[in-house]
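Please have the sequence and the model open while reading.

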Amino acid sequence: MQVPEQQPIRPAENSVQVKERPTGLTILLIFAFVYNGILLGLMITGLVYQEVVKDLLFQYFPNSALSNFAATAITLSGVLVFGVSLAGLIFLWMLRPAGFYLYAAAQAAMLAALIFALKSYDFINISIALIVVVIFGLYSRGMK
């Protein structure tokens with residue numbers, strides 16, 4: 001008879017298996033973290049320097065005259081949207097399917113604001129955002 005300390009260690013049959021993140025998802029998440037992090041940082045900076053935001057919005061959207069209140073509201077909305085998007089990415093990094101819903105909702109809000117409020121029809125950026133959401137959706141189907 002063996003002493004309990006000398007018995008070979010066997011893995012438990014009911015042990016929780018660690019999920020491994022696919023390499024493609026990891027690369028896409030890093031890209032999305034960088035993109036959303038930079039935009040969130042710019043939006044937070046825009047809260048301090050409101051005139052810069054107003055000038056940039058006027059430069060890219062000349063047919064919309066914005067007051068200081070409107071520029072602040074757009075910046076605060078951007079902080080909220082990119083904050084939710086970043087939270088969704090964190091959940092996706094932890095392989096939680098709720099992250100997809102947060103990220104997709106934030107991207108839908110951003111695209112809706114671009115298309116309907118600012119009348120921007122930049123099809124390249126819109127299509128890239130939609131493709132990234134679809135790819136995250138495909139990956140999130142396997143998450144539990």
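At what angle do α3 and α4 pack, and how far apart are their axes? The angle is about 155 degrees and the axes are 7 Å apart. The model is predicted, so local features need pLDDT of at least 70 and side-chain atom pairs count only at pLDDT 80 or more, while totals for chains, interfaces and linings use all residues. Residues are numbered from 1 along each chain as its sequence is written, and side-chain values use heavy atoms, with hydrogens and water left out.

**Terms for helix packing**

- Helices are DSSP runs (H or I, at least four residues), numbered from the N terminus.
- Axes are lines fitted to C-alpha atoms over the stretch in contact, and angles run from 0 to 180 degrees between N-to-C directions.

**α3 with α4**

- α3 and α4 are roughly antiparallel to each other (an angle over 145 degrees).
- Their crossing is left-handed, meaning that the near helix is turned anticlockwise from the far one by less than a right angle.
- On the α3 side, the residues that meet α4 include Val81, Phe82, Leu89, Phe91 and Leu92; on the α4 side, they include Phe100, Leu102, Tyr103 and Met110.
- The residues of this contact (heavy atoms within 4.5 Å) divide into 13 nonpolar, four polar and no charged. Ala, Val, Leu, Ile, Met, Phe, Trp, Tyr, Cys and Pro count as nonpolar, Asp, Glu, Lys and Arg as charged, and the others, Gly among them, as polar.

**α4 with α5**

- Helix α4 (residues 98–117) packs against helix α5 (residues 123–140) at an angle of about 165 degrees, and their axes are 10 Å apart.
- That angle makes α4 roughly antiparallel to α5.
- α4 passes α5 in a left-handed crossing.
- From α4, the contact is made by Phe100, Tyr103, Ala104, Gln107, Leu111 and Ile115; the α5 residues include Ile126, Leu130, Val133 and Phe136.
- This contact has 11 nonpolar residues, three polar and no charged.

**α2 with α3**

- The axes of α2 (residues 50–60) and α3 come within 9 Å and cross at roughly 90 degrees.
- α2 and α3 are therefore roughly perpendicular to each other (65 to 115 degrees).
- Gln50, Glu51, Val53, Lys54 and Leu57 of α2 meet Asn68, Ala71, Thr72, Ile74 and Thr75 of α3.
- The residues here divide into four nonpolar, four polar and two charged.

**Nonpolar core**

- The largest nonpolar core has 23 residues. Such a core is a set of buried Ala, Val, Leu, Ile, Met, Phe, Trp, Tyr and Cys residues joined through side-chain atoms within 4.5 Å, where buried means under 20% relative accessible area with a 1.4 Å probe, protein chains only.
- Among the residues with the most contacts inside this core are Leu25, Leu89, Phe100 and Phe136.
- α1 (23–48), α3 (68–93), α4 and α5 each supply at least two residues, and α4 gives the most, with six.
- Leu89 touches Leu29, Ala32, Phe33, Asn36, Tyr103 and Phe136, not counting residues up to four places away in sequence.

**Leu95**

- Leu95 lies in the loop between α3 and α4, and Leu95 is buried, with a relative accessible area of 10%.
- Phi of Leu95 is near 60 degrees, a positive value in a residue other than glycine.
- Leaving aside neighbours within four places in sequence, Leu95 is in contact with Lys19, Glu20, Arg21, Leu25, Met143 and Lys144.
- Leu95 and Lys144 are 49 residues apart in sequence and 7.8 Å apart in space, C-alpha to C-alpha.

Notes: Angles under 35 degrees count as roughly parallel, over 145 as roughly antiparallel, 65 to 115 as roughly perpendicular and the rest as oblique. Buried means under 20% relative accessible area, exposed over 50%, partly exposed in between (1.4 Å probe, protein chains only).
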